[in-house]
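The tour below moves from one selection to the next and says what is found at each stop.

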Amino acid sequence: MTKTIASLITAIFPADLAWKITILRQWPTIIGTLGRYVVIEKIKAPVIVLRVCHPAWAQELMLMSSLFLEKINQPLDRIYITSLHFRCSESLYVAPLQRY
């Protein structure tokens, strides 16, 4: 009998955390190519704390917050997240910029 990691995680965690698991699964789709600049640090309704590599990215992403909030809450059965907070961390890996 083979079980997927997703089914094991769902079985281990309480049902009331299913919405957090959904957000974590959907995160690569939600954030897209910006994923190398931002990672989820903490999820605690109604806030997600995001760690970014530079203050400029925090500002850019803050301006796009409404778009991200819509994408985050879309697959959920109700609105869990109403706010995004940003923290800067220079240790976040960022691929070097390519110069043309």
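Select Glu 41 and Arg 51 to begin with: in this predicted model they form a salt bridge whose closest N and O atoms are 3.4 Å apart, the term standing for a side-chain nitrogen of Lys or Arg within 4 Å of a carboxyl oxygen of Asp or Glu. Because Glu 41 belongs to strand S1 and Arg 51 to strand S2, the pair ties together parts that are 10 residues apart in sequence; helices (H or I, at least four residues) and strands (E, at least two) are DSSP runs, numbered from the N terminus.

Through shared partners, the salt bridges join Glu 41, Arg 51 and Arg 87 into one network, and the structure holds 2 salt bridges. Are these residues buried, partly exposed or exposed? Glu 41 counts as partly exposed at 33% relative accessibility, as do Arg 51 with 26% and Arg 87 with 46%, where buried means under 20% relative accessible area, exposed over 50%, and partly exposed in between (1.4 Å probe, protein chains only).

Before going on, note that residues are numbered from 1 along each chain as its sequence is written. Local features need pLDDT of at least 70 and side-chain atom pairs count only at pLDDT 80 or more, while totals for chains, interfaces and linings use all residues, and side-chain values use heavy atoms, with hydrogens and water left out.

Next, select Trp 19 and Tyr 80, whose ring centres are 4.3 Å apart with planes at 5 degrees, so the pair is stacked. Rings of Phe, Tyr and Trp (its six-membered ring) pair if their centres lie within 6.5 Å, planes under 30 degrees apart counting as stacked, over 60 as edge-to-face and the rest as tilted. Trp 19 sits in helix H2 and Tyr 80 in the loop between H4 and S3, 61 residues apart, and both are buried. Showing Arg 78 as well places it over the face of Tyr 80, at 4.2 Å from the ring centre; the criterion is NZ of Lys or CZ of Arg within 6 Å of the ring centre and within 35 degrees of the ring normal.

Then move to Tyr 37 and Trp 57, a stacked pair because the ring centres are 4.1 Å apart and the planes at 15 degrees. Tyr 37 counts as buried at 8% relative accessibility, whereas Trp 57 is partly exposed at 25%.

Finally, colour by pLDDT, the predictor's confidence in each residue from 0 to 100: the chain mean is 86, and 85% of residues reach 70 or more. Confidence is lowest in helix H1 (residues 5-12), at a mean of 70, and highest in H4, at 97.
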